[in-house]
Amino acid sequence: FNCPVDANLRACIRFDEEVAGTYLDCSGNSNTVHHTNGALVPGISNLAASGIPTATYRMADSVSLDLTSAMTVEAWVRLDSLPSSGRVGLFDNEGQYSVIVFAGTGLRCSNGLHNLPHFPVSSGVWFHMACVWDGARLRLYLDGAPVAKMLSAGTMATVNTDPVSLLNSSPAFSEPMHGALDNLRVWHSGRTQ
């Protein structure tokens, strides 16, 4: 896992080391993840952020995270349990773009303009997830394979000022994910398979 020098890379979080209640952003945009009661657990390449009900992980609202014409949110994810009702947040930039897991139906990728159909996911195993929008099509990839797609054109909204949540939903932080998140990257480009 790396954080390449790329103007389109807007956040790159390894979760390998905590520094004074934060996990540093290696993208150069200072989109540091701040946490309360967070914990690190074994991850894919080293350590990962642990989703427990009392933890919150958030990035401050930032112009660099206002992705208007394209986006990719990618990460390694392990769901220790699937929600029995409602939903849990994986990554949520409220009103702009998100990846949410719904009870009974699975993972949903959204660019704020459209929501992909939910795709079933398993608990207890690590998988790589990429929610991708290239300005014309919205796609979801799991472990590098395309699993859902739809046409989606427009310009994403950028008026939200709530913090971006990880392993939960924003802005209330009331839908925690039970599992772990590792090697998160956010791009202002629609990455290819």
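Trainee: Before we start, what should I keep in mind about the numbers?

Mentor: This is a predicted model, where local features need pLDDT of at least 70, side-chain atom pairs count only at pLDDT 80 or more, and totals for chains, interfaces and linings use all residues. Residues are numbered from 1 along each chain as its sequence is written, and side-chain values use heavy atoms, with hydrogens and water left out.

Trainee: Okay. Why is Phe15 called buried?

Mentor: Buried means under 20% relative accessible area, exposed means over 50%, and partly exposed is in between, with a 1.4 Å probe and protein chains only. Phe15 has 2%, so it counts as buried. Tyr23 has 1%, so it's buried too.

Trainee: And what makes Phe15 and Tyr23 an edge-to-face pair?

Mentor: A pair of aromatic rings is described by the distance of the centres and the angle of the planes. Rings of Phe, Tyr and Trp (its six-membered ring) pair if their centres lie within 6.5 Å; planes under 30 degrees apart count as stacked, over 60 as edge-to-face and the rest as tilted. Here the centres are 5.4 Å apart and the planes are at 65 degrees, so Phe15 and Tyr23 are edge-to-face. The whole structure has three aromatic pairs, and Phe15, Tyr23 and Tyr57 make up one aromatic cluster.

Trainee: How do you know that β2 and β3 pair?

Mentor: Strands (E, at least two residues) and helices (H or I, at least four) are DSSP runs, numbered from the N terminus. Two strands pair if DSSP finds at least two bridges between them. β2 and β3 have two bridges, in the antiparallel sense, and Tyr23 has Val33 in β3 as its bridge partner.

Trainee: What makes β2 and β10 edge strands?

Mentor: The open sheet has seven strands in the order β2-β3-β6-β14-β8-β9-β10, with antiparallel pairing. β2 and β10 each pair on one side only, and that puts them at the edges.

Trainee: How many bridges does β9 make with β10?

Mentor: Five, with the strands running antiparallel, and Val99 stands opposite Cys109 in β10. Strand β8 (residues 87–93) is joined to β9 by six bridges, also antiparallel, and there Gly89 faces Ile100.

Trainee: Which side chains of β9 point which way?

Mentor: Tyr97, Val99 and Val101 go one way, Ser98, Ile100 and Phe102 go the other, and all are buried.

Trainee: What makes the 42 residues a nonpolar core?

Mentor: A nonpolar core is a set of buried Ala, Val, Leu, Ile, Met, Phe, Trp, Tyr and Cys residues joined through side-chain atoms within 4.5 Å. The largest one here has 42 residues, and those with the most contacts inside it are Phe91, Leu107, Met129, Leu166 and Leu184. Strand β7 (residues 71–79) gives the largest share, five residues.

Trainee: How do you know that Arg191 sits over Trp187?

Mentor: A charge sits over a ring if NZ of Lys or CZ of Arg is within 6 Å of the ring centre and within 35 degrees of the ring normal. Arg191 lies over the face of Trp187 at 3.9 Å from the ring centre.
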